[in-house]
Amino acid sequence: MKRLISLILIKLDQHYGISKTKYSIKRNKSDLITFIVIFCALVPTVVAYSFPYLNMLKTTLETYTILNIQPLFLANFFVLAGFFGFFLGAFLLIGELFINEDMKLLLTLPLKPYEVILGKLSVILSDQMFISLILLLPPLIYFGVYTKQNFLYYLIFIIVFLFSQVFPMTLVLLYTLFTSRLLKKSNRLELLLYLSTIFLIVIFGLYLFLSGSTFSINMQNSNEIPNISINPDSIITKLARIYPPAFLAVKSLTSSIFLNLAWLLLFLGFHLSLLILTLYVGEKLYYSNYSSLIESKPLLRKSKTQGTYNFFTKESTVDKALLKREWLYFLKTPSFSVNGFSNVLAFPIILIVFGIIFNNVELGLSNEIISTILQYKLFIVGFVATLASSINGLSYSCFSREGGLIKELKILPVNVDQILRAKIKHIVQISSLGFVSGLIIGTLLFKLNLYEFCGAMILAIIFNLFLNIIQMIIDASKPYLNWDNPQKAMKQNINGLLAILLVFGVVGIVGFLIYKLVPLFDQYIILISLNFIFLIFSLILWRYLKRKTVQLLSREL
């Protein structure tokens, strides 16, 4: 047990960089200032969003109380926490199992298979608990206060809360291992797993959108915050009735004394059984395969590893080799891959959520306002696709993510044009996930015809290229190369703040110009003019980016 606890603590320390952060703050006080600034920026954001969130909890619980279905209030939030926990866990588990190479070290330690697997799963579970902290903890507390529960309720809810992500984690492990078994012959296993997870997110999001109104909105006064509640007839509520953790947890929390303890034992038994199943499957499909590979094929594994990093071969051109290098370093670093994919999907997911909320809801807008909005729908969809793809976290860190490997770029027999082409191709390929999903969602929301769709697509492609080049210039001018944790290259990079401000600033200015010009000129004339201007500026900025990259690679790094 001591070894297991030590392993879990070490894994969590490594995952969150706790020791490195403490050391960095002691060594460099400027890092402390950075953390204080980030904290001060987060506090107002949390406070601002807490008011509508609490208002939604209040409205939903009051509605369910009137309908005499109070337990469904808790069940709904168990489903939401499980849904988001599953997809977050899938991204994390792919990185932890197939990209993180610490198994080579763990197999040499005197650890049992279940200890190794639990150590890895503890990282995923700790990250998933942040979902429960946001989506589940406030409803549990609010329900207890609203219904005036006794001390036993709060004791049970602590246990229920701590086990809330076990079921999603088990599903994640089974899904990941069985999918990887089907794709084991593929040379791009990690990428295919990521894409299959993204595909599931998109399918489920579209299903929620097309299934009808998930939220009910009551706008009695346009000057006040609308009363939003979860629709009792929505698909989420229907799933809540059959979702095992929700059913058992709600019974444990709302049943009478003694009976609630019996349901709690069933809840614990169910989740402990899932943990045992998880360890068994993990040992059979992951640990044993990895162990046998290392013991029986060390030379083959070594040759494969060396071959993986041998980008320049007779079969590949320089451009293909550099693009392969970009993808490999991106996928082999979990912080980069998780942040990259989550960034390009964050904006479309927000759009899906808003689409679900406002689907089939009467907002009380006049026909005049609606017709005015529809005049700009082509540009709105183009901007939606642009924002979904340009806020990718990759452009403003294209050189920062190199870290110490920037020296490798300096000695490679390639020119600056080839390096930048590989980087922009890699950025465009990943950001295309956000671009396509944003374009599809926007088209569905505004019901564009074929010509409007094509116009929005062309605008988004050229505008996105323009914004990505600007962000690359920012990073080439002052890259953050001396990081000790890959997370810092993307999430603690000041270039990211500058890039986001610039992207929204440019989109805001262009949007204002379009707002003024559409009543005066035909929208397609404005569209052609904008595309031409962005294309010219992109070519000019590309030449400037090349000059900044030459200066960067000429410096002593």
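I began with burial and found that 47% of the 557 residues in the protein chain are buried, where buried means under 20% relative accessible area, exposed over 50% and partly exposed in between, with a 1.4 Å probe and protein chains only. I worked from a predicted model, in which local features need pLDDT of at least 70 and side-chain atom pairs count only at pLDDT 80 or more, while totals for chains, interfaces and linings use all residues. Residues are numbered from 1 along each chain as its sequence is written, and side-chain values use heavy atoms, with hydrogens and water left out.

For secondary structure I noted 24 helices and two strands in the protein chain, taken as DSSP runs numbered from the N terminus (helices H or I, at least four residues; strands E, at least two).

I then looked at contacts, meaning heavy atoms within 4.5 Å: of those in the protein chain with a separation of 6 or more, 81% are between residues 24 or more positions apart.

The accessible surface of the protein chain is about 28600 Å², and carbon and sulfur atoms hold 69% of that area, by the Shrake-Rupley method with a 1.4 Å probe.

Next I turned to the backbone angles. In the loop between α3 (29–66) and α4 (70–99) I found Asn68, which has a positive phi near 60 degrees without being a glycine; Asn68 is exposed, at a relative accessible area of 70%.

Lys148 lies in the loop between α7 (137–146) and α8 (151–162), and although Lys148 is not a glycine, its phi is positive at about 55 degrees. I recorded Lys148 as exposed, with 75% relative accessibility.
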